[in-house]
Amino acid sequence: VEPDWPVYGLNIAFGWPLPNQLKEPYEDLYQELLTLGPDVYVYPYHQTHVTVMTLVNFKKYKNPNTEKMRNFEKFVPKIISLISRELPGKFKPFKIDVGWPVLLKNTVILPILNQTEDVYRFRKKVSPLLKKLFPREIIELPDPKFIHSTILRFIKPPSDVKGFRAKIESMAVKHRIGEAVINELLLTSETKPYMRDGDVIHCFKLGD
């Protein structure tokens with residue numbers, strides 16, 4: 001996907017960007033990842049985020065026309081109402097523990113631990129309710145317990161995969177990002193791929 005293509009997506013997310021106390025350790029990692037060269041795109045701090053649930057997949061809607069976007073935007077008040085009904089008393093601020101960078105097939109991610117499983121419970125509770133609004137759009141998560149933040153994507157696959165993996169692993173041991181508390185979820189629009197641009201449509205405060 002071209003990074004500057006206009007797209008349209010809707011997501012539930014948090015940490016866009018990651019909490020402020022994680023900014024300094026993340027930017028230390030960011031500077032080191034930049035040394036990997038021009039064939040990778042490293043997310044600057046302000047683009048970091050954690051997707052809880054994808055409602056409208058931007059990959060399906062490149063160069064969206066105004067009518068299509070308006071059709072999706074009609075669902076926004078219903079989404080806000082539905083989630084707002086589910087949050088009070090059930091979902092409170094929760095702690096995340098952001099780990100070391102890990103190389104997957106074509107990305108580098110930061111795995112995130114949420115020991116109290118708040119994200120998992122939210123996904124399990126809200127996903128079937130949202131499916132009624134988006135029967136063709138909402139994406140099933142292969143593992144509702146898996147939480148991560150993508151921080152690097154390949155512009156061009158590395159010619160030496162083993163060497164690249166070794167570099168990531170050597171960086172990883174120096175860059176555990178740390179812990180933070182999440183006190184809000186976000187309904188976001190996505191107007192450039194991988195949330196490189198978009199807006200916070202609504203902020204759901206956690207707790208009473």
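The model is predicted. Its largest nonpolar core has 60 residues, and the structure holds eight salt bridges.

- Within the largest nonpolar core, the residues with the most contacts are Phe14, Phe122 and Leu130.
- Leaving aside neighbours within four places in sequence, Leu130 touches Ile12, Met53, Leu55, Ile79, Leu82 and Ile138.
- Phe146 sits in the loop between helix H4 (118–131) and strand S7 (148–154). Phe146 counts as partly exposed because its relative accessibility is 39%.

**His49, a buried loop residue**

- His49 belongs to the loop between strand S2 (40–42) and strand S3 (50–56).
- With a relative accessible area of 9%, His49 is buried, because buried means under 20%.
- The His49 side chain reaches the backbone oxygen of Gln47 at 2.9 Å.
- Beyond its neighbours within four places in sequence, His49 has contacts that include Phe14, Trp16, Tyr43, His148 and Tyr194.

**Distances along and across the chain**

- Pro77 is in helix H3 (residues 76–86) and is exposed, at 53% relative accessibility.
- Pro77 and Leu87 are 10 residues apart along the chain, and their C-alpha atoms are separated by 16 Å.
- Glu73, in helix H2 (residues 66–73), is partly exposed at 39% relative accessibility.
- Glu73 and Ser189 are 116 residues apart along the chain, and their C-alpha atoms are separated by 9.5 Å.

**Salt bridges**

- Lys95 pairs with Glu179 in a salt bridge whose closest N and O atoms are 3.8 Å apart. This pair links distant parts of the chain, with Lys95 in strand S4 (residues 94–98) and Glu179 in strand S8 (residues 178–182), 84 residues apart.
- Lys95 is partly exposed at 48% relative accessible area, and Glu179 is partly exposed at 44%.
- Asp97 forms a salt bridge with Arg176, with the closest N and O atoms 2.5 Å apart. Asp97 lies in S4 and Arg176 in the loop between helix H5 (161–172) and S8, so the pair ties together parts that are 79 residues apart in sequence.
- Asp97 is buried at 17% relative accessibility, whereas Arg176 is partly exposed at 37%.
- Glu117 and Lys145 form a salt bridge, their closest N and O atoms being 3.4 Å apart. Glu117 is in the loop between strand S6 (107–113) and H4, while Lys145 is in the loop between H4 and S7, 28 residues apart.

Definitions and conventions. Residues are numbered from 1 along each chain as its sequence is written. This is a predicted model: local features need pLDDT of at least 70, side-chain atom pairs count only at pLDDT 80 or more; totals for chains, interfaces and linings use all residues. Side-chain values use heavy atoms; hydrogens and water are left out. A nonpolar core is a set of buried Ala, Val, Leu, Ile, Met, Phe, Trp, Tyr and Cys residues joined through side-chain atoms within 4.5 Å. Buried means under 20% relative accessible area, exposed over 50%, partly exposed in between (1.4 Å probe, protein chains only). Contact means heavy atoms within 4.5 Å. Helices (H or I, at least four residues) and strands (E, at least two) are DSSP runs, numbered from the N terminus. A polar contact is a pair of N or O atoms within 3.5 Å; within protein, one must be able to donate a hydrogen and the other to accept it, and residues adjacent in sequence count only if both atoms are side-chain atoms. A salt bridge is a side-chain nitrogen of Lys or Arg within 4 Å of a carboxyl oxygen of Asp or Glu.
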